[in-house]
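Thanks for making the time this morning. I would like to walk through one model with you, going from single residues to the contact between chains, and I will give the cut-offs as the terms come up.

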Amino acid sequence: MNIETHKTLHSKGEASLASYVIGFILSIALTLGAYGITTNHILSGTPLAAFVVLLAIIQLLVQFIFFLHVGKGKSAKWNLGAFGFTLTIVAIVVGGTLWIMHHLNANMMPRMEAGKNTVTPQTLRD
Amino acid sequence: MIGDTITLTKEHETEKTEALSFAFWIYIMSDCVLFASLFATFAVLSGSTFGGPSIADLSSMPFVLGETMLLLTSSFTSGLAILFAHKQKKSLVLFWLIATLALGLSFVGMEVTEFAHFIGEGASFTRSASLSSFFALVGTHGLHVLLGSIWLLVILTHVLLRGLSHSTLRKLISFSLFWHFLDIVWIFIFTFVYLLGNL
């Protein structure tokens, strides 16, 4: 089957070689950056977590823009709207889970009372 | 199938492509929620090692970096395949699709090796809640990559036998959406499971 004009198939947006190459190089840089900072122990604890998560979010955006071309093309508003809805659901599911489980865990702590702090360790069964 | 033998108007073909792309995007969004719940579970249970080894104890960072590079490159090559598909360059499409398949299967191979190593050390998914949630999350992602690879094989056959028709192009677009999405999920697995496994 021959297609007379393939221009109409560019409905997905700006798919150009430059976009993929830039996206690829940026993603490699972000990955290596996060990897290097972690394995060389340049940061640790909360600053490390914040930095590495930030790089992950940036790489998400890079791949959204340069690989998936989200926000470009005819149905961009619909795609973004669907993504916004999904983010909301994800925030509720993940945030809600962490909040609830943290509270449940905290409320399971043995209370500190004099002479009553006996904790029987579980023996590991094979 | 009937779309291959009847010539629809160009406007109709464009509409069909956009409609399918959007519909598939909605599916990708639902898959996001699936992975989000697996991530939430992992976040809650990652500390529950029950006296057993943690992910950090068992995994090798250079190995995981290798997996990451394979999957990222395969995402890139799948993009190139789409690029050349829009330009009707069939042999280039086939080349980059095969490259994507090779990289994707290599990723799966590495992951299977990693899982086998864990299990060999006694750290299977029954060892602790932490490991259960690890296998559920990373295993589900790996299964997506494996099934995506099978889908890619089918698309390769379509391109070989039917060429780059409107219908085949739509399938390619859906596949590339799926494949890019899998690499994006991996970014978060790489970050939260492996990089932050020490916290």
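Let me begin with A:Pro110, which sits in the segment that follows helix 3 of chain A, where helices are DSSP runs of H or I with at least four residues, strands are runs of E with at least two, and both are numbered from the N terminus. With a relative accessible area of 57%, A:Pro110 is exposed; the classes here are buried for under 20% relative accessible area, exposed for over 50%, and partly exposed in between, with a 1.4 Å probe and protein chains only. Between A:Pro110 and A:Trp99 there are eleven residues in sequence and 20 Å in space, taken from C-alpha to C-alpha.

Before going further, a word on provenance: this is a predicted model, in which local features need pLDDT of at least 70 and side-chain atom pairs count only at pLDDT 80 or more, while totals for chains, interfaces and linings use all residues. Residues are numbered from 1 along each chain as its sequence is written, chains are lettered from A and ligands numbered from 1 in the order in which they are written, and side-chain values use heavy atoms, with hydrogens and water left out.

Chain A as a whole has three helices and zero strands, so that its pattern along the sequence reads α-α-α. Of its 126 residues, 31% count as buried. If we take the contacts in chain A (heavy atoms within 4.5 Å) with a separation of 6 or more, 65% of them are between residues 24 or more positions apart.

How many residues does each chain bring to the contact between them? Chain A gives 51 residues and chain B gives 52. The buried area, meaning the accessible area (1.4 Å probe) that two parts lose on being put together, summed over both, is about 4900 Å² between chain A and chain B, and carbon and sulfur atoms give 80% of that. Helix 1 (17-39), helix 2 (45-66) and helix 3 (76-107) of chain A each supply at least two residues of the side that touches chain B.

Leaving out residues up to four places away in sequence, A:Gln63 touches residues of chain A and chain B, among them A:Ser27, B:His180 and B:Asp183.

Turning to chain B, B:Ser124 is in the loop between helix 5 (90-120) and helix 6 (129-162), and its relative accessibility of 16% makes it buried. Apart from neighbours within four places in sequence, B:Ser124 is in contact with B:Phe118, B:Ile119, B:Leu131 and B:Phe135.

B:Trp151 is partly exposed at 26% relative accessibility, whereas B:Phe175 is buried at 1%.
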